[in-house]
Amino acid sequence: MPDRREAEDMYTKAQKRTRLGLAATAILGMAALTACGADGGGGGEEADGVANLTMTVWGGDNDKKTYQDRIDLLEAAHPEIKVDLQLIPGDQYDQKVQTMIAGGDGPDIMQVAEGVNVYSSKNQLLPLDELVAEADLDLEGRFGPVGTLYSYEDKVYAIPDRSGAMIVYYNKDLFDAAGLEYPNADWTWEDAQAAMEKITNPADGVWGYGGAGWWAQWWSFAYQNGGQIIDDAGKPAANSPEVVEALQWANDLTHKHHVVPTAEEYADMGPDMGGDPAFAAGRLGMNTTGFWAIGGLLEADFNWDIAPMWGGEEQAVSAFGSGLAISRDSENPDAAFTAIDFLTDVEAQGLIIENAQDVPANIEVQKSDAFLKPTWAGTTEINMAAFGESSDFVFTSPLIPEWTEMQAAFSDNLGTFWNEGGDAKTQLDVIQAKLESVVE
């Protein structure tokens with residue numbers, strides 16, 4: 001499951017600047033990242049009957065505020081628990097937390113995402129199944145299909161906290177001008193491409209789609225086509241015919257059909273340009289990305305909305321999220337789980353959308369008026385129900401312990417392919433061999 005850190009790494013400095021400005025107006029944004037103190041770490045000790053816990057997360061100013069607001073609610077409801085929040089820059093998070101755990105000073109509660117099983121496979125996280133049972137927590141009832149996402153070898157290692165599918169942003173003005181119906185979940189690849197072709201006008205600097213060069217995007221096409229990156233037996237399947245066809249289609253949108261800007265055309269738009277800022281500038285008919293792009297569009301000078309991702313042979317879409325886990329160093333896992341249980345329940349999850357931070361993992365909150373009609377949207381009408389509709393066909397990404405090595409295999413071997421075009425089968429054969437050498 002792709003997470004917010006990966007999204008931040010993928011997208012550009014221009015987008016980050018947009019979010020910084022929005023953070024200042026308390027709408028949405030990611031501001032300068034704040035490092036945690038060098039001496040934080042596993043708490044859990046009790047003094048005067050109070051469990052003192054540490055909690056590590058990544059992100060920016062809005063993340064820090066939202067997590068702290070939720071912790072304040074927790075501490076008011078559970079005065080026997082105190083939580084020291086530590087915010088770590090996303091690009092330093094894994095290294096910092098791994099160092100803390102290796103030194104026996106890991107946090108009690110830690111935010112995890114697709115790299116969860118890098119930790120769990122090393123016995124750095126506590127399995128939560130017994131604590132879930134003791135709390136009578138219905139994971140599927142509270143979180144829907146992502147309830148047991150953060151599992152390894154049939155054990156749950158994290159509780160979902162944030163979870164929003166990738167969605168389609170579309171420029172209503174460009175669709176109206178082209179006489180097209182708006183995107184919806186019933187669309188096929190053919191429908192999407194036909195709309196892209198109708199909207200594209202390079203002479204006017206307008207393209208139908210922002211592109212799918214990010215793995216979270218083209219993997220969706222692979223799963224829509226019946227493919228898998230890692231098969232049900234745990235073996236790499238990156239060069240299967242289904243994955244090859246999906247990757248080739250995604251690439252051909254740029255280099256054969258020219259409904260996506262090339263790297264050179266993006267560069268001609270301005271520095272640090274990519275899908276999100278190009279859409280915000282009115283240059284794209286559609287863009288596929290996550291919740292975070294909404295904030296940069298609230299004051300756009302064109303009409304836009306969001307819709308669920310289109311499908312292929314079947315419906316499938318990647319999702320962005322994170323969970324809360326307990327490190328093996330926690331001296332009070334019972335209190336840590338009590339905190340996690342509270343933080344993922346309705347009241348605390350409501351602050352995630354109230355602060356425009358992300359999509360809450362809690363299904364009840366996703367269906368609430370507070371989510372469907374957020375106050376920060378003002379007069380802008382947004383089809384927030386697209387997230388809930390998308391949750392029905394989110395595919396489960398292969399959260400294998402070799403996640404980092406797997407991603408490196410793709411990023412190291414597809415750069416030229418995305419920039420210049422080429423044969424997907426040739427590239428995926430190379431990647432498949434690499435994956436077979438690293439995935440056990």
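**Reading the terms in a predicted model**

User: Why is Asp63 called buried?

Analyst: The relative accessible area of Asp63 is 2%. A residue is buried under 20%, exposed over 50% and partly exposed in between, with a 1.4 Å probe and protein chains only. Asp63 is therefore buried.

User: What are these values based on?

Analyst: This is a predicted model, in which local features need pLDDT of at least 70 and side-chain atom pairs count only at pLDDT 80 or more, while totals for chains, interfaces and linings use all residues. Residues are numbered from 1 along each chain as its sequence is written, and side-chain values use heavy atoms, leaving out hydrogens and water.

User: How do you know that Arg162 and Asp63 form a salt bridge?

Analyst: Their side chains come to 3.6 Å, N to O. A salt bridge needs a side-chain nitrogen of Lys or Arg within 4 Å of a carboxyl oxygen of Asp or Glu, so the pair qualifies. Arg162 belongs to strand 7 (residues 159-165) and Asp63 to helix 3 (residues 61-77), so the bridge links parts of the chain 99 residues apart. Helices (H or I, at least four residues) and strands (E, at least two) are DSSP runs, numbered from the N terminus. Arg162, with a relative accessible area of 1%, is buried.

User: What makes Asp358 a further partner of Arg162?

Analyst: The closest N and O atoms of Asp358 and Arg162 are 2.8 Å apart, and the two form a salt bridge. Asp358 sits in the loop between helix 15 (346-354) and helix 16 (363-366), so the pair ties strand 7 to a part 196 residues apart in sequence. Both Asp358 and Arg162 are buried. Asp63, Arg162 and Asp358 form one network, joined by salt bridges that share partners. The structure holds seven salt bridges.

User: Why are Lys65 and Asp69 said to be about one helical turn apart?

Analyst: Lys65 and Asp69 are four residues apart in helix 3, which means a separation of about one helical turn. They form a salt bridge, with the closest N and O atoms 2.7 Å apart. Lys65 has 43% relative accessibility and counts as partly exposed. Asp69, at 22%, also counts as partly exposed.

User: Why is Asp161 called buried?

Analyst: Asp161 has 0% relative accessibility, so it counts as buried. This residue lies in strand 7. Contact means heavy atoms within 4.5 Å, and Asp161 touches residues including Tyr67, Arg70, Gly323 and Pro360.

User: Why are helix 9 and helix 11 called roughly parallel?

Analyst: The axes of helix 9 (residues 189-199) and helix 11 (residues 241-255) come within 12 Å and cross at roughly 10°. Angles under 35 degrees count as roughly parallel, over 145 as roughly antiparallel, 65 to 115 as roughly perpendicular and the rest as oblique. Helix 9 is therefore roughly parallel to helix 11. Trp189, Gln193 and Met196 in helix 9 meet Ala246, Trp249 and Leu253 in helix 11. By class, this contact has five nonpolar, one polar and no charged residues.

User: What makes strand 9 and strand 11 edge strands?

Analyst: An open sheet of four strands runs in the order 9-10-8-11, with mixed pairing. Strand 9 (207-209) and strand 11 (304-307) each have a single partner strand, so one side of each has no neighbour in the sheet. The twist averages 25° from one strand to the next. Two strands pair if DSSP finds at least two bridges between them. Strand 9 and strand 10 (residues 284-289) have two bridges, in the parallel sense, and Trp207 stands opposite Leu284 in strand 10.

Note on methods. Axes fitted to C-alpha atoms, helices over the stretch in contact; angles between N-to-C directions. Nonpolar A, V, L, I, M, F, W, Y, C, P; charged D, E, K, R; others polar. Lists of a residue's contacts leave out its neighbours within four places in sequence.
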